[in-house]
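Here is a protein chain to look over.

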Amino acid sequence: EGAEVWHTELIFFKIENPAFKVPTAEEIDMEQLEQGKPEAPGLRQNIWLMWEDPRSSSYAKMLSSFSVFIIILGVIAFVLDTLPWVRDPELRVSDIGLSNTSVRRGLKAFEISIVCFFTMEIITRFTVTTAKKKFMFDPITWVDIVAVAPFYIGLMLNPSVDSGSASIFVRTLRLARVLRVLGLVFKLGKYSHGVRVLTQTFKTCLMELSILGVLLFMAVLMISSGMFFCENP
């Protein structure tokens, strides 16, 4: 109630609510400098903006869109790699008319391409930033590292990775690619007024959302238990 009264008073006196303030270009520039943007204009600064701020230029937007597209294709490839007609070496022809060997080679080549692209991104961002320590402690950086780490772990575990618990461990880690979608959402909405309002809404309604989460968990538990007893009388 106090927050509502405070917001009403701000509207009455025509004072801008600082929670919904749109940052100026100078404020954005200062924040970017703190995050590691090179101060001197030039190639290094342009590369930093292209990777870190999708709104900085049309090339940055294209790069972000391409990254999202690559992630979606990577998740699709991961799903295809779990299909029986792809995993079973005894099957010679897949359901789509291609040989099993050709499909597996194509998926492997595509995975290598994705890993090379995002490895290049991590190296480039680390090279151009001026705040390397802050970059390494950034959670988004570790999301990127975890996304490509399973591939290199698999290379180090070969040939034992072909079977056993090591193979299961590496394949489970490959699900970390999905985390890159969350990281890119943070990038795309870093300077978005709508995202800030949405974040503030979640913070304000945290208690109500927690209650909703508990109720959903109880509902899922009861329904799943009922299905179990129906299938196993």
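Q: In what order do the elements of the protein chain run from the N terminus on?
A: This is a predicted model. Its elements run α-α-α-α-α-α-α-α-α-α-α-α. The secondary structure comes to 12 helices and zero strands.

Q: Why is M207 called exposed?
A: M207 has a relative accessible area of 58%. Exposed means over 50%. The value of 58% passes that cut-off, so M207 is exposed.

Q: Where is M207 found?
A: M207 sits in helix α12, residues 206–231.

Q: What makes M207 part of a nonpolar patch on the surface?
A: Patch residues need over 30% relative accessible area. M207 has 58%, so that cut-off is met. M207 forms the patch with I211, V214, L215, F217, M218 and L221. Together they have about 730 Å² of accessible area.

Q: Which residues make up the largest nonpolar core?
A: There are 11 residues in all: W51, L63, I70, I71, I114, V115, F117, F118, I122, V148 and F151. The largest share, five residues, comes from α6.

Q: Why are the residues of this nonpolar core called buried?
A: A nonpolar core is by definition a set of buried residues, so each member has under 20% relative accessible area. In soluble globular proteins, nonpolar side chains tend to be buried together.

Q: What is I70 in contact with, leaving aside its neighbours within four places in sequence?
A: I70 is in contact with I114 and F118.

Q: How much of the protein chain is buried?
A: Buried residues make up 27% of the 233 residues.

Definitions and conventions
Residues numbered from 1 in each chain as written. Predicted model: local features only at pLDDT ≥ 70, side-chain atom pairs only at ≥ 80, totals over all residues. Heavy atoms only, no water. Core = buried A, V, L, I, M, F, W, Y, C linked by side-chain atoms within 4.5 Å. Buried < 20%, exposed > 50% of the residue type's maximum accessible area, 1.4 Å probe, protein only. Helix = DSSP H or I, 4+ residues; strand = E, 2+ residues; numbered from the N terminus. Contact = heavy atoms within 4.5 Å. Patch = residues over 30% accessible without salt bridge, like charges linked within 9 Å, V, L, I, M, F, W, Y side chains within 5 Å. Areas by Shrake-Rupley, 256 points an atom, 1.4 Å probe, with all protein chains shown as cover. Salt bridge = Lys/Arg side-chain N within 4 Å of Asp/Glu carboxyl O.
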